[in-house]
Amino acid sequence: AGAGAGGWAGAGAESKVAGGDVSEGAPEVEVRSSPIPAQVLSDTQAPSPVIVERPQPRRGQEIVLALTGVDGTVQRRARQLSSSLGVVLGREAMTDVTHVVTAIDEAGLAVNRTFKFMLAVCQGKWILGPKWIDACLVAKAVVPEDEFEISGQGNFNDGPRQARLAAQREHPARLLDDHRVCLHGAFSGLSRAELETLVRAAGARLVGVDELAQRRGDTRAVLLCDPNTAPADLASLQHETGYAPLDLYWLYDSIAAYAIQPRGSYLLRDESILQTPDSVDDARPAASQTLF
């Protein structure tokens, strides 16, 4: 039941809320008694009972929870949540995950930027701090998520919330819709398969160097390289494709902010030979901690 990048952990149970089974059917109603003494009311005067609909408790089975970057205490609490409320701890099927819990700092920002965290942003999932689990256990029910949603990550605020709201629109658009991304070289940290998963989840199409070279001047085409690539290889790529190579952190930071970052901040090579679209002479942001 760990929280590593390799998969989701755990299994579900029967749903119990506040000591009783969650039932299907009509909402439970409460009948309030009249404040007027019954003996002074005639048949025609007697008021109709006031019907108050109580909110239905949320079913634990509707929640598929993944953990990332959390310690053993949070993992144990998540297992308690699964056994008491029936919340399912996700395994491999990432599309089934509805909620991700990650470690946060005092400002409500995610401590680490993991593969699961970035994928959850791309998919518009709820990304919450561990106190959401504690609140559910205390309430013996699945509580509203809003006050436990993380504020952001690193230098980037509000990215997860913006991504979630975008996914809920009638016609949702993903962050890199209509973009083409070329991943070139050997990357450290995330595996190639994980990088390709992130690119696709963000909405972009993966292309090779040859196709990229045929799309010179396309403002939605991006060449991403490992920062340890030899300068001579970067120069060759730039000459061959017409695009200045960008650091992979352009992708990571764009996802964390849920906003496409200016390319000029992530250049791996001087653009004096070739200009790429939307180049900005900003200083490159401080790298956020990324756990793989």
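I took axes as lines fitted to C-alpha atoms, for helices over the stretch in contact. The model I worked from is predicted.

Entry one, helices 2 and 5. I looked up how helix 2 (residues 115–123) packs against helix 5 (residues 192–201) and found an angle of about 20 degrees, with the axes 9 Å apart. Angles under 35 degrees count as roughly parallel, and I therefore noted helix 2 and helix 5 as roughly parallel to each other. Their crossing is left-handed. Helix 2 makes the contact with Phe115, Met118, Leu119 and Cys122, and helix 5 with Glu194, Thr197, Leu198 and Ala201. I sorted the residues of this contact into 6 nonpolar, 1 polar and 1 charged.

Entry two, helices 1 and 3. For helix 1 (residues 72–85) and helix 3 (residues 131–139) I noted a packing angle of about 35 degrees and axes 10 Å apart. Helix 1 passes helix 3 in a left-handed crossing. On the helix 1 side I listed Val74, Arg77, Ala78, Gln80, Leu81, Ser84 and Leu85, and on the helix 3 side Trp132, Ile133, Asp134, Cys136 and Leu137. The contact of helix 1 with helix 3 divides into 8 nonpolar, 2 polar and 2 charged residues.

I placed Asp71 in the loop between strand 5 (64–68) and helix 1. A polar atom of the Asp71 side chain lies 3.2 Å from the backbone nitrogen of Thr73. I also checked Asp71 against Thr102: they are 31 residues apart in sequence, and C-alpha to C-alpha they are 9.4 Å apart in space.

Terms used: Residues are numbered from 1 along each chain as its sequence is written. This is a predicted model: local features need pLDDT of at least 70, side-chain atom pairs count only at pLDDT 80 or more; totals for chains, interfaces and linings use all residues. Side-chain values use heavy atoms; hydrogens and water are left out. Axes are lines fitted to C-alpha atoms, for helices over the stretch in contact, and angles run from 0 to 180 degrees between N-to-C directions. Helices (H or I, at least four residues) and strands (E, at least two) are DSSP runs, numbered from the N terminus. A crossing is left-handed if the near helix is turned anticlockwise from the far one by less than a right angle, and right-handed if clockwise. Contact means heavy atoms within 4.5 Å. Ala, Val, Leu, Ile, Met, Phe, Trp, Tyr, Cys and Pro count as nonpolar, Asp, Glu, Lys and Arg as charged, and the others, Gly among them, as polar. Angles under 35 degrees count as roughly parallel, over 145 as roughly antiparallel, 65 to 115 as roughly perpendicular and the rest as oblique. A polar contact is a pair of N or O atoms within 3.5 Å; within protein, one must be able to donate a hydrogen and the other to accept it, and residues adjacent in sequence count only if both atoms are side-chain atoms.
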